[in-house]
Amino acid sequence: MLHEFERILIGPREMGLVDADAAGSGIDSFRLMQNAGEAVAALALARYPDSGRFVVLCGPGNNGGDGYVAAAAFARAGASLCIYGIGSEDLKGDAARARARVEAEVAPLSAYACRPGDVIIDAIFGAGLSRDVPQDVARIIADATKLRLPIVAADIPSGLDGETGEIRGAAFSATDTVTFMARKPGHLLLPGRELCGALHVFDIGIPKRLVMARAGKLWENGPGLFSDALAGPTAESHKYARGHVAVFSGGPTSSGAARLSATAALKAGAGAVTLVSPSEALAVNAAHLNAVMLREADSRAIRAMLGDHRVSAFVVGPGYGVSAALRELALSLLTKPTVLDADALTAFASEPKSLFEAIHAEGATVVMTPHEGEFGRLFPDLASASGSKVERARKAAARSGAVIVYKGSDTVIAAPDGRAAINTNAPADLATAGSGDVLAGITAAMLAHAAPAFEAACAAVWIHGRSGQVAGGGLTAETLVDVIPQAFPEMV
Ligand SMILES: NC(=O)C1=CN([C@@H]2O[C@H](COP(=O)(O)OP(=O)(O)OC[C@H]3O[C@@H](n4cnc5c(N)ncnc54)[C@H](OP(=O)(O)O)[C@@H]3O)[C@@H](O)[C@H]2O)[C@@H](O)CC1
Ligand SMILES: Nc1ncnc2c1ncn2[C@@H]1O[C@H](COP(=O)(O)OP(=O)(O)O)[C@@H](O)[C@H]1O
Ligand SMILES: [K+]
């Protein structure tokens, strides 16, 4: 399990503040730049001992400064070296000092022509990237990509937005990225994650407390975020003490999704699970269920479940069918922890405010699990807004009052209070029909264990991802359900 510090993610802007705090507390900022540049050179020398030549590309700011420090280290090591820079005569502060220590010639960046055998040290833009990269940088990125040159990026591949993970015009696809103190959201969000190659976090000597003090409430998802909230069964446990999940089934031709949620909830440790089925689907559901209990969905049954303290969480939406009746049902469940998924999200597309107002008024514990399309239906303005997936999820959580699980291969979990986590353990094999229904069921099981909604959602997304890894290539929603018990984090 990663230590708490290693899970934090810090935006480029906050990292700039950390820098200023470090300087304010008397730490020598040039020493930090030297540590950063030397770490980049050390990694490159170790990875590419037989390089034809190291080509150090330096930008106009402190990222370029890291590059000049690295260049000096290559020269000391006797490596073959070329340096290209933007505005190398007009640098300021630490970057100018780093440049002054380089004896080799620095050619203008626009003069660089990629050659097979080159190993590029990308120190053009880091945290300070503020707009699309200029044409000559885009041209070098395209040429280096075409020749598949190895690229070691300082802090972040140039062109990648460290906050959002988006590409600003063009971006290097690095083989390695050496970042400093802590990872940035753009290292984990897509497409950024795929451009960083192997990511190395190097301690350049800023006290961790200074980094912690500026870090927002954003982490990489992992057991450290939620394991305290997950209680395993004890000798005193009985089935209802482990939580009772009720899942609402769709009609006879669309009942499979709810059954997947129900069996997933059971495998994820709910003590009891009931599938609540319309009368027309009772027979098909009965034919497929064993440990999951079955109950007919009528208003008396729903009232009884709402009044039964042993029923601890609901799942509604998978395979249910979009209708006004579903809206009414979902709103009626909000007195207990509820997972709203699939059709229960789409059903509110025409009137999302009614759902959000009900959640706020009830102070309800709700986890919503939209994929991109469902997110767009509930939050059309946010879906098309600029900014990162984390910001969009946070705004959606604050607006709706629910914990939002904004799905995808970089699923973001966000709480109304601003906490957020980026999930990184989900294999692409999870892109299979029914996989979201499984996630909804696991989430309800976590809520039924009385985990708070944010922790429950983080746990469920992580366990779902790890189940995907365990089930492996060719997984189906069924094989995913089977391996859930093997995917729990080791409790400490
Ligand atoms: N964090 C730490 O503790 C430490 C961090 N360190 C290093 O510092 C880096 C951050 O440095 P930084 O703030 O100077 O930003 P950086 O990325 O060099 O770019 C700024 C320059 O680029 C320019 N510019 C921007 N976008 C552009 C574009 N599209 N096209 C053209 N120009 C563009 C921008 O111009 P402006 O926007 O002002 O017009 C400005 O001149 C960080 O990533 C890490 O490597 C270490 O040295 C030590 C400890
Ligand atoms: N390429 C991918 N890599 C990792 N996880 C993915 C990928 N595509 C989808 N997933 C995950 O699989 C699940 C799919 O859910 P959803 O889109 O609701 O599908 P369905 O409705 O078929 O169940 C989500 O948890 C999502 O995060
Ligand atoms: K860079």
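Which residues have the most contacts inside the largest nonpolar core? They are I121 and A265, in a core of 162 residues. This is a predicted model, in which local features need pLDDT of at least 70, side-chain atom pairs count only at pLDDT 80 or more, and totals for chains, interfaces and linings use all residues. Residues are numbered from 1 along each chain as its sequence is written, while chains are lettered from A and ligands numbered from 1 in the order in which they are written. The domain assignment gives domain 1 (4–216) and domain 2 (223–487); such bounds come from an automatic or database assignment.

**Nonpolar core**

- A nonpolar core here is a set of buried Ala, Val, Leu, Ile, Met, Phe, Trp, Tyr and Cys residues joined through C-beta atoms within 7 Å.
- A residue is buried if 20 or more other C-beta atoms lie within 10 Å of its own, exposed if 12 or fewer, and partly exposed in between, with C-beta atoms placed from the backbone.
- The largest core has 162 residues, and helix α21 (residues 453–471) gives the most to it, with eleven residues.
- Domain 1 and domain 2 each provide at least three residues of this core.
- Helices (H or I, at least four residues) and strands (E, at least two) are DSSP runs, numbered from the N terminus.
- Beyond its neighbours within four places in sequence, I121 is in contact with V40, A44, F54, V55, V56, L57, G67, A70, V152 and A154; contact means that the C-beta atoms, placed from the backbone, lie within 7 Å.

**Annotated binding site**

- An unreviewed UniProt entry places the feature "binding site" at N63, D122 and S158.
- These residues span 96 residues in sequence, yet no two of their C-alpha atoms are more than 9.5 Å apart, so they gather at one spot.
- The UniProt positions follow the numbering used here, feature names are shortened, and annotations may be inferred rather than shown by experiment.
- N63 is found in helix α4 (residues 62–77) and is buried, with 26 other C-beta atoms within 10 Å.
- Apart from residues up to four places away in sequence, N63 touches A123, I124, F125, G126, G128, A154 and D155.
- D122 sits in strand β4 (residues 118–123) and counts as buried, with 31 C-beta neighbours inside 10 Å.
- Leaving out neighbours within four places in sequence, the contacts of D122 include S158, P157, L57 and F172.

**Ligand surroundings**

- Ligand 1 is surrounded by 28 residues, of which the closest are G61, N62, N63, G126 and G128; a residue is near a molecule if its C-beta atom, placed from the backbone, lies within 6 Å of it.
- Helices α2 (12–24), α3 (29–47) and α4 each supply at least two residues of the shell around ligand 1, and the largest share, five residues, comes from α4.
- The shell around ligand 1 has 14 nonpolar, nine polar and five charged residues.
- For these classes, Ala, Val, Leu, Ile, Met, Phe, Trp, Tyr, Cys and Pro count as nonpolar, Asp, Glu, Lys and Arg as charged, and the others, Gly among them, as polar.
- Around ligand 2 there are 18 residues, and the closest are K407, S409, A426, A431 and G436.
- Helix α20 (residues 435–448) gives the most to the shell around ligand 2, with four residues.
- By class, the shell around ligand 2 has eight nonpolar, eight polar and two charged residues.

- The centres of domain 1 and domain 2, taken over C-alpha atoms, are separated by 41 Å.
- Eleven residues from domain 1 and nine residues from domain 2 take part in the contact.
- On the side of domain 1 that touches domain 2, α1 (4–7) and α7 (185–188) each supply at least two residues.
- The residues on that side of domain 1 divide into five nonpolar, two polar and four charged.

**Backbone features**

- Most residues other than glycine have a negative phi, and most peptide bonds are trans.
- The peptide bond from L190 to P191 is cis, with omega near 0 degrees, and P191 lies in the loop between α7 and α8 (192–195).
- R148 has a positive phi, near 50 degrees, and is exposed, with 10 other C-beta atoms within 10 Å.
- D155 also has a positive phi, near 75 degrees, but counts as buried, with 28 C-beta neighbours inside 10 Å.
- D155 lies in the loop between β5 and β6 (176–180).

Notes: Two residues are in contact if their C-beta atoms, placed from the backbone, lie within 7 Å.
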